Amino acid sequence: MSCPPQSKAVLPLSFYLQVILCAVLWGSAFPVIKNSYTHLNIESYGEQLVFAGSRFALAGLLLLPLCRGTFVAKIRKAPSLPLLGIVLGQTYLQYIFFYYGLSISSGALGALLVGSGSFWWMLLAPLMLKTPAPTKRHWLLLIGCCVGIIFAVYTPGKDMANAKIGSIAFLLATLSGAIAAIFMKRIAPVAGSLIPTSFSLGFGGLLLLLTATSSWSAYISHFNWSTFWVTLYLAIVSAAGFAIWNRLIQIYSVNTLSSFRFLIPLMGVIESVLFIPGERIHSGLLIGGIIIFSCLIGAAKIKEAPVEERYVRA
């Protein structure tokens, strides 16, 4: 059920700890995935989708024991369109674009552009959730974020084709994720957040596997224990990260959470530069990153109108 609108309250310490945990977990995925392409001989895009599908299908299974026997009943009770939107947006389409972008461009660039999800939320929430429309300050920050992306993508003296295509892929990935988050906001009062998350990860993972059926044999031919342990780690990252984040979506407004998304690209950039061989922060990425982070932090400081949507588990 839903509670009446409330004025903005001080966020509890547990909120900040959960957001930081999600940021650290998702940030670690960038170097782990990027390094896996080399060390696990995952070469073609099809093999990368098999890698992704295995990860998400396993993540969905890991969450099943936490659903306490109500999985089927609540999935049947959930509205079909929002549930389909979560499956396609949160898992299938988001990672179709994400894995492609990560295969042709840097982990640091991908991590930085993940922050654009905050602005997708800002644009889509008024249309789909009837939240307040963006203010002039929001629009200025959005323009600033676009300028930052241009700086981040541009590297003097290098072929820019991959960076441009990779950036478009990452932006489409964050758009898909933002749409899924809004659908989660609709479905959580009916089915909670954990069960739709488990269903989305599991079914979305199966869709990724079906999309890449022609690459199964190539992937299996060099599958080893290292591949298994990396897949298990990434499955745990997905299961824990999405379970926590979607629970926060259920409790807090989209605007509140979008303000703290800047922590995800921050951790992603730091962990990519530290753990991906050969990655460094070039001048364009540094300038663009400063601009984008400044805009995201600016958006975080804009006070919400007192229309905070809060939900508790149905």
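1. Which helix supplies the largest share of the lining of the largest cavity? In this predicted model, that share comes from α8, with seven residues. Helix α8 spans residues 161–191.

2. At least two lining residues each are supplied by α1, α4 (80–104), α5 (107–113), α8 and α11 (225–251). The lining of the largest cavity comprises 26 residues, and those closest to the cavity centre are Trp26, Gln94, Tyr95, Phe242 and Arg261.

3. As to volume, the largest cavity holds about 400 Å³ of space. A search of the whole structure returns two cavities of 30 Å³ or more.

4. For the largest cavity, 18 of the lining residues are nonpolar, six are polar and two are charged.

5. Helix α1, which contributes to that lining, also packs against another helix. The axes of α1 (residues 13–39) and α2 (residues 45–63) come within 11 Å and cross at roughly 135°. Angles over 145 degrees would count as roughly antiparallel and those from 65 to 115 as roughly perpendicular, so α1 is oblique to α2. The crossing of the two helices is right-handed.

6. Which residues make the contact between α1 and α2? On the α1 side they are Ala29, Ile33, Ser36 and Tyr37, and on the α2 side Gln48, Phe51 and Arg55. By class, this contact has four nonpolar residues, two polar residues and one charged residue.

Terms used: Residues are numbered from 1 along each chain as its sequence is written. This is a predicted model: local features need pLDDT of at least 70, side-chain atom pairs count only at pLDDT 80 or more; totals for chains, interfaces and linings use all residues. Side-chain values use heavy atoms; hydrogens and water are left out. Axes are lines fitted to C-alpha atoms, for helices over the stretch in contact, and angles run from 0 to 180 degrees between N-to-C directions. Helices (H or I, at least four residues) and strands (E, at least two) are DSSP runs, numbered from the N terminus. Angles under 35 degrees count as roughly parallel, over 145 as roughly antiparallel, 65 to 115 as roughly perpendicular and the rest as oblique. A crossing is left-handed if the near helix is turned anticlockwise from the far one by less than a right angle, and right-handed if clockwise. Contact means heavy atoms within 4.5 Å. Ala, Val, Leu, Ile, Met, Phe, Trp, Tyr, Cys and Pro count as nonpolar, Asp, Glu, Lys and Arg as charged, and the others, Gly among them, as polar. On a 1 Å grid over the protein atoms alone, a cavity is a set of points where a 1.4 Å probe fits but cannot get out, and a pocket is an open set with protein on both sides within 12 Å along at least five of seven lines; lining residues have an atom within 4 Å of a point. Grid points are joined across faces, edges and corners, and a volume is the space filled by probe spheres set on the points.
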